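Below is a short note on one helix pair and the charged side chains around it. Please read it alongside the coordinates.

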Amino acid sequence: MREPSGQQVNDTGTAGVIARPPLLFLGALLLGLAADRLLPLMAPVAASDLVRLVGGCLILTGFALAIAGIRNFSRAATPVPTYEPTRVLVTSGIHGWTRNPIYLGMFLLYGGIGVAALSPWILVLTVPLAIVIRYGVVAREEAYLERRFGDAYLDYRRRVRRWL
């Protein structure tokens, strides 16, 4: 089967990720904030202007990156939600620099909130969150895209790095 873009399509299913990625990020964020209250790792301190600036820059950069990725999908008329089948393989724009701009943006946004909130737990939870996103979401999406688009995806994967 061929999509209107001329790309060969072999599979119409979905990636079967373990959970919606925004919910994973939100869950880790809420867990981190709760852990900061219940099991503080440091005494409360006021955030300096520099800390707020760094956190704000991370938040804005992450937001911009995620929006660029979402807009790229919208322009290609392919859905963003992981529970819907991908219609086309998006390889241009921001997706020509990183295969996962939306997730990368979410990580920067998440880390920026952790920095701005002076939340050690949010930052500590970045590691398990990254593992869950990498293996429970990205690996499943990559396998799905390889099944769905075959050689076109394999060529894209060779040319463009997963994160940066």
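Is Asp 155 buried, partly exposed or exposed? With a relative accessible area of 36%, Asp 155 is partly exposed. The model under discussion is a predicted one.

1. Asp 155 takes part in a salt bridge with Arg 159, with 3.2 Å between the closest N and O atoms. Both residues belong to helix α6 and sit four residues apart, so about one helical turn separates them.

2. Helix α6 (residues 151-159) also packs against helix α5 (residues 126-149): their axes come within 6 Å and cross at roughly 135°. The pair is therefore oblique.

3. On the α5 side, the contact is made by Glu 142, Leu 145, Glu 146 and Phe 149; these meet Asp 151, Ala 152, Tyr 153, Leu 154 and Arg 157 of α6. Sorted by class, the contact holds five nonpolar and four charged residues, and no polar ones.

4. Glu 142 of this contact also forms a salt bridge with Arg 99, at 2.8 Å from N to O. Arg 99 lies in the loop between α2 (49-75) and α3 (101-116), 43 residues away from Glu 142 in the chain. Glu 142 counts as buried because its relative accessibility is 10%, and Arg 99, at 12%, counts as buried too.

5. A salt bridge also joins Glu 142 to Arg 162, with the closest N and O atoms 2.8 Å apart. Arg 162 is in the segment after α6, so this pair ties together parts 20 residues apart in sequence. Arg 162 is partly exposed, at 23% relative accessibility.

6. The salt-bridge count comes to five.

How values were computed: Residues numbered from 1 in each chain as written. Predicted model: local features only at pLDDT ≥ 70, side-chain atom pairs only at ≥ 80, totals over all residues. Heavy atoms only, no water. Axes fitted to C-alpha atoms, helices over the stretch in contact; angles between N-to-C directions. Helix = DSSP H or I, 4+ residues; strand = E, 2+ residues; numbered from the N terminus. Parallel < 35°, antiparallel > 145°, perpendicular 65-115°, else oblique. Contact = heavy atoms within 4.5 Å. Nonpolar A, V, L, I, M, F, W, Y, C, P; charged D, E, K, R; others polar. Salt bridge = Lys/Arg side-chain N within 4 Å of Asp/Glu carboxyl O. Buried < 20%, exposed > 50% of the residue type's maximum accessible area, 1.4 Å probe, protein only.
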